[in-house]
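Here are some notes from going through this model. Have the structure open while you read them.

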Amino acid sequence: MSERHVNGAAVGSLEGAVGERRGIDGGRGLPGPELVERPRRRRFSAEYKLRILRELDACTRPGEVGALCRREGLYSSLLTEWRRARDGGSLEALARPRGRRPADPLEAENAVLRRRAERLEAELAKARHVIEVQGNVSALLGQLLEPRGATESTD
């Protein structure tokens with residue numbers, strides 16, 4: 001690295017320091033140390049909230065609640081919200097798994113049977129139509145094949 005002197009100060013060493021800081025990630029594209037990643041919002045499971053509230057209810061001596069908050073990194077306002085949610089019954093509701101409820105096997109079977117019945121009814125309607133057409137064709141052929149002079153006369 002070459003150093004230039006401007007007004008008695010070494011400029012090359014300053015450029016090298018900046019270049020080294022930029023190349024700290026080894027060219028992998030990671031953010032530099034001067035960039036702060038956006039903080040992510042913490043999420044607490046219902047089991048965790050209920051466990052902390054149980055510990056909170058067990059606190060009897062002065063200062064234990066503060067020690068619990070410091071140990072877990074929580075604010076007392078969070079604990080107040082969690083207590084209200086627990087008393088309202090919503091924490092128990094949060095403990096249930098999220099997403100769709102599993103389909104009832106009877107409902108799935110009923111849907112399959114309904115589709116099958118609809119398909120079979122459509123096939124039956126086609127078969128009845130074919131039988132009707134065959135009957136009409138048979139009647140027409142019978143009229144065409146019947147000799148015209150062979151009608152019986154009643155004298």
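1. Does Phe-44 count as buried, partly exposed or exposed? It counts as partly exposed, because its relative accessibility is 22%; buried means under 20% relative accessible area, exposed over 50%, and partly exposed in between, with a 1.4 Å probe and protein chains only.

2. A word on what you are looking at: this is a predicted model, where local features need pLDDT of at least 70, side-chain atom pairs count only at pLDDT 80 or more, and totals for chains, interfaces and linings use all residues. Residues are numbered from 1 along each chain as its sequence is written, and side-chain values use heavy atoms, with hydrogens and water left out.

3. On confidence, pLDDT (the predictor's confidence in each residue, from 0 to 100) has a mean of 77 over the chain, with 68% of residues at 70 or more. Helix H6 (residues 105-145) has the highest mean, 92, and helix H1 (residues 12-22) the lowest, 45. Over residues 11-24 the pLDDT stays under 50. Where pLDDT is low, the predicted coordinates should not be read in detail.

4. The layout is β-β-α-α-α-α-α-α from the N terminus on, that is, 6 helices and 2 strands. These are DSSP runs numbered from the N terminus: helices are H or I with at least four residues, strands E with at least two. Buried residues are 12% of the 155 in the chain.

5. Rings of Phe, Tyr and Trp (its six-membered ring) pair if their centres lie within 6.5 Å; planes under 30 degrees apart are stacked, over 60 edge-to-face and the rest tilted. Phe-44 and Tyr-48 are stacked, at 5.4 Å between centres and 15 degrees between planes. Tyr-48 and Trp-82 are edge-to-face, because their planes are at 80 degrees, with centres 6.2 Å apart.

6. Finally, look at Arg-71 in helix H3 (residues 64-72). Arg-71 is exposed, at 54% relative accessibility.

Key:
Contact means heavy atoms within 4.5 Å.
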